[in-house]
Amino acid sequence: MTGENEGRFSIGEVARASGVKVPTIRYYEEIGLLPAPPRTEGGRRAYGESDRHRLAFIRHARELGFEIEAIRTLLQLQDRPEQSCAVADAIARDHLAEVERRIASLTALKAELARMVEDCSHGHVGECRVIEILADHNECRHHHHGATAPAGVGG
């Protein structure tokens, strides 16, 4: 991106100012989320204020859980502010639906784990309900059997 004050920041400075780590900035350049900045005579990257803002936008979107391709589309929309925001609204709506699915799955997982712990007699492993349920999928009431759960959940 070009604009006033372009080329003021080193990669370390823009990393500190935006809250994005240096390797991540290089990665974002590599995948095209951040345009490659001009280089100084010494070959160092020289970032501008618009790059810092773009990195902060990307960081915030990632913190909210948006996928890279959604962020790419949102950045394209941001670069052309005269467009309708219908696409941005749809992206946010889809992401909200995914978050709600994850919450439902995690809520069911929480209930299953609570049941396992409550059913445990706190005696010997031979009578341990936690071990029994983990050993036999049919004992589990959690809906993850055959369903797709978020990464790290279900199985």
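Contact here means heavy atoms within 4.5 Å. This is a predicted model, where local features need pLDDT of at least 70, side-chain atom pairs count only at pLDDT 80 or more, and totals for chains, interfaces and linings use all residues. Residues are numbered from 1 along each chain as its sequence is written, and side-chain values use heavy atoms, with hydrogens and water left out.

Q: What does isoleucine 25 touch, not counting residues up to four places away in sequence?
A: Ile11, Val14, Ala15, Val20, Leu34, Tyr47 and Leu55.

Q: Why is histidine 95 called buried?
A: Buried means under 20% relative accessible area (exposed is over 50%, partly exposed in between; 1.4 Å probe, protein chains only). Histidine 95 has 14%, so it counts as buried.

Q: What does histidine 95 touch, leaving out residues up to four places away in sequence?
A: Leu64, Gly65 and Phe66. The side chain of histidine 95 also reaches the backbone oxygen of leucine 64, at 2.7 Å.

Q: What makes α1 oblique to α3?
A: The two axes come within 9 Å and cross at roughly 50°. Axes are lines fitted to C-alpha atoms, for helices over the stretch in contact, with angles from 0 to 180 degrees between N-to-C directions. Under 35 degrees is roughly parallel, over 145 roughly antiparallel, 65 to 115 roughly perpendicular, and the rest oblique. That makes α1 oblique to α3.

Q: Which residues meet where α1 and α3 touch?
A: Val14, Ala17 and Ser18 in α1 meet Arg52, Leu55, Ala56 and Arg59 in α3.

Methods:
Polar contact = N/O pair within 3.5 Å; in protein donor to acceptor, adjacent residues only side chain to side chain. Helix = DSSP H or I, 4+ residues; strand = E, 2+ residues; numbered from the N terminus.
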